[in-house]
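Biologist: I have a model open on the screen and would like to learn how to read it. Could you walk me through it, one feature at a time?

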Amino acid sequence: MNAAAAVEENTRRANLRHRGSNFGLTVAFRNISWVLLACLLVLGGVAFADRPSEYQVKAAYLYNFGKFVNWPADAGATSEFDVCVLGSDPFGALLDATVSDSTINGKRVVARRIARAQDAAGCRVVFIASSESPRLSSDLAVLSRLHVLTVSDNPHFLARGGMIQFVFEGDRVRFAVNLTAAQEAGLTLSSELLKVATKVIGTQAR
Amino acid sequence: MNSSKSRNQNAVRYLLLLLSISLLVSISALGYCQSLSQTELAQNGQEPLKELSLEQLGKIEVTTATKTPEALWKTPAAIYVITQEDIRRSGVTSIPEALRLAPGVEVGRIDANTWAIGIRGLQSNFSKSVLVLIDGRSVYTPLFSGVFWDVQDLPLGDVERIEVIRGPGGTIWGPNAVNGVINIITKNAADTHGARLSLLTGNVDKTIDSLRVGGGHGQGFNYRVFARGFVRGPEFHQDGNNFDGWHQERGGFRMDWDSRANTYTVEGDLYRGDSPHMVGLGTLNPPSLGVQTVVDSAVSGGDLLARWRRDLGNGSDIYLQVYFDRTQRIDRSLGESRNTWDIDFVHRLKLGTRNLFSYGAGLRWSPFYIEQSSQTIDIEPHKDTDHAHSIFLQDELQIVPNRFSLTGGVKVQHNNFTGFDAQPTLRALWTPSQHRTFWAAVTRAVTTPSRLEEDFNLTGVASLNPLIFLRVSGNPKFQSETLLGYEGGYRQLFGQRVYMDVAVFHNDYDNLQSFGAPSTFLENTPPAPHLVIDVPYANQIAGATDGFEVSPNLHVTNSWQLAGSYSFVTAGLHAAGGTADISSTGSIKTYEESSPRHQVEARSFLNLPFHFEFDQTYRYASSLPAQNVHAYQTMDARVGFNYKELQFSLTGQNLFQPSHFEWGTGDPNQALIGVRRAVYASVVWNRSR
């Protein structure tokens, strides 16, 4: 059997075995999927040993924001610095662990949970949980009268009149600021905070 | 032999290329994973997070919990959300194709511009028994109980999410939400500031281009306008009659205005296009032969919707929506123009601490005009007004606050075909922990009749000599098809990364569309007297479907997400009267064997270094004997690259075979139309402000 005939014979057999070229393609795609899957399962497990969770970092932010905000004098009557969570709490014990043994402006920082916006009197920072989404506008209307810094994950938070909105940049948590809303509530945000924000709506009033 | 050899060589080359790509991807993934571990090492042994500066906090990579919006988590129904990210990364180019991503949804592409869609069985070429809404506007047509999918082709980049509710949604959603509801929600104009230009070109989707410009104040008034056009090529035709290439142009806008407790939305769009299809046309005079003819369907329409929502505080709100929708579809088989006016009002109020009570009303008028173009297809009367008015009451009672609640309600509807229909529901929700939900529901729902079932006439030649015609005719006494659905489900978040959703159902149907006893008579007009065998629509099929869906979602790492579903459905129907099996619709076999018993869908979204993305979607559907369709499996794959404001991607669809069949043509003599392997490239420029 000469070479050409052998090639042809092999081709024919390959054809029979694979029922045409498309079957080969099918097999190829499946192989790729499996190779990739196996590789990533192994590597993925390795890569994610000890990252902090999203809400660990957000809790740290909530605490830190307090250092970069000036409240009007009449909001400072309380003996504690309350960081409040409105709605169903995504932090669990993380927030309490973060603020424990800490002070801001000499006041002990305390984590507090509230069920209604009206209960926010005395809070300096209020994190509005996603469970409040249907009531967001009315919550914010109440909170704006109470001189509190409002923070949320809600994707429309700034547009609805909230002050600080957490945003994701890849796997990193960052935040955007609505300066106008903060000023309307009588809060002054430091330039340091604005510098780090991904986006600032409104301009600094003189 | 020569051609097969060269095909083989091509295949080998293809294979090598693919293997090398996969190798490249694997290697880069390896590198990526390593770089990740290094950042972690850097983080280990550091001071507590709270001691870090804001700037440092912004550099920490975090693990995120699988996101399930609160509302979804606490819904006592089988709800699934297709997100914008799912749509973008799966590489789908139309709404019907995107629906394949949801569990329990059966999507069969009939040809390039027609889809047969079902939820939990009873898949049909009319997409009957599935209610479809776009931003609260119903696109379910009272012409034939179903959806014209070709004219629901929104710019996918503006879709925020698609909520798919499997199972009857009678009380909340109104009529025709029998097997499920598809709720398409576009983005708030506050989220579409800036400019976005999207260009796409490929072998099947020839070109899909869209431009959107948006702006506004952010807190107050926001707007966007868009324009979109596409040309799509034909699918695979064994006879070479590539009739189904189509095109469409669309423009629209959306404005959102927030003022503290009030939210206003005004949106609208206009479209026109051509969706050719094949139809059998004949005459009642000799020679009378019905000839399969390609007809151009000139489609056009538009809509305008205004919505006002006022937050009354304390969990109460009111909601008022008004819309106008015009559709026109003219071709040589039949023409329809329809104007729909709709008003919806809902008031939700918190009563005490435990009750969320809501009530509402809906009014809908839909005058239409039929243009008869062929002797053998008609809907009589040619001019009339359909209406569907409804009121509903519902109460959600927290028996154990945040743990156990019961929701009961009823919707009463009046329509011009069957008068009053009541659709009650009772739902229970138990959330033993923050990460676990059980729910169960019993619901009655109805599909109201349409012009097709009441007033339709389709005549074909049964015999030339002697001249005998067979006529399928509408039945003015056609009743509402009813469903009593029993369902239950379970959702759980395991740790931070694994989400599981399981739902089971038993659906009891009655009065399903069938054909009634034939009658024979002599017809004298038009001249040349001819014999007609008349087969009316009837409601003589009953029975049940059973099934379940399992849909896990796994965030393997922050850069890699796996999701998918397995859906099972089986139907057992029987004749409840003298039903005749004469056609591709309305017979027991068609109902039972037109939905895949087993469906698998799996997808992998992988973020790679240097802003690359690699995404795959696999799917399997078992056979549809009534449609002469075999089981198939296929895969889509996408490589994306994001550079600043630009997103490039290369997508392959239906890669396992040159073409595969998903649905029959309804005519046993006509060859099936294959869904082709497709490849397209796209670039999106997105400048957000």
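This is a predicted model: local features need pLDDT of at least 70, side-chain atom pairs count only at pLDDT 80 or more; totals for chains, interfaces and linings use all residues.

Biologist: Which residues is B:Pro168 in contact with, leaving aside its neighbours within four places in sequence?

Modeller: Contact here means that two C-beta atoms, placed from the backbone, lie within 7 Å. By that rule B:Pro168 touches B:Ala177, B:Val178, B:Thr443, B:Ala445, B:Leu483 and B:Gly485. Residues are numbered from 1 along each chain as its sequence is written, with chains lettered from A and ligands numbered from 1 in the order in which they are written.

Biologist: Where is B:Pro168 found, and does B:Pro168 count as buried or exposed?

Modeller: For the first part, you need the element names: helices (H or I, at least four residues) and strands (E, at least two) are DSSP runs, numbered from the N terminus. B:Pro168 sits in the loop between strand S8 (159-166) and helix H6 (170-173) of chain B. For the second, a residue is buried if 20 or more other C-beta atoms lie within 10 Å of its own, exposed if 12 or fewer, and partly exposed in between. B:Pro168 has 32 such neighbours, so it counts as buried. As for B:Arg326, that residue is 158 residues away in sequence and 27 Å away in space, C-alpha to C-alpha.

Biologist: Which residues have the most contacts inside the largest nonpolar core?

Modeller: A nonpolar core is a set of buried Ala, Val, Leu, Ile, Met, Phe, Trp, Tyr and Cys residues joined through C-beta atoms within 7 Å. The largest one has 65 residues, and B:Ala98, B:Leu99, B:Val164 and B:Ile182 have the most contacts inside it. Beyond four places in sequence, the contacts of B:Val164 include B:Leu99 and B:Ile182, along with B:Tyr80 and B:Ile82. There's a second, separate core of 48 residues, with A:Tyr55, A:Val83, A:Leu94 and A:Leu187 among them.

Biologist: Let's go to chain A, then. What is the order of strands in its open sheet of eight?

Modeller: Two strands pair if DSSP finds at least two bridges between them. The order is S3-S4-S2-S5-S6-S7-S8-S10, with mixed pairing. Strand S3 (103-104) and strand S10 (200-201) of chain A are at the edges with a single partner strand each, so one side of each has no neighbour in the sheet. Inside, strand S2 (residues 80-86) and strand S5 (residues 123-128) of chain A run parallel, joined by five bridges. A:Asp82 stands opposite A:Cys123 in S5(A).

Biologist: Which strands does H5(A) touch when packing on the sheet?

Modeller: H5(A) touches S2, S5 and S6 of chain A, and its direction makes about 175° with that of S5(A). Axes are lines fitted to C-alpha atoms, for helices over the stretch in contact, and angles run from 0 to 180 degrees between N-to-C directions. Seven of the nine residues of H5(A) (136-144) are buried, so this helix is largely enclosed by the rest of the structure. Among the buried ones are A:Leu136, A:Leu140 and A:Leu143.

Biologist: And how many helices and strands do chain A and chain B have?

Modeller: Chain A has seven helices and ten strands, while chain B comes to eight helices and 40 strands. Buried residues make up 42% of the 206 in chain A and 46% of the 689 in chain B.
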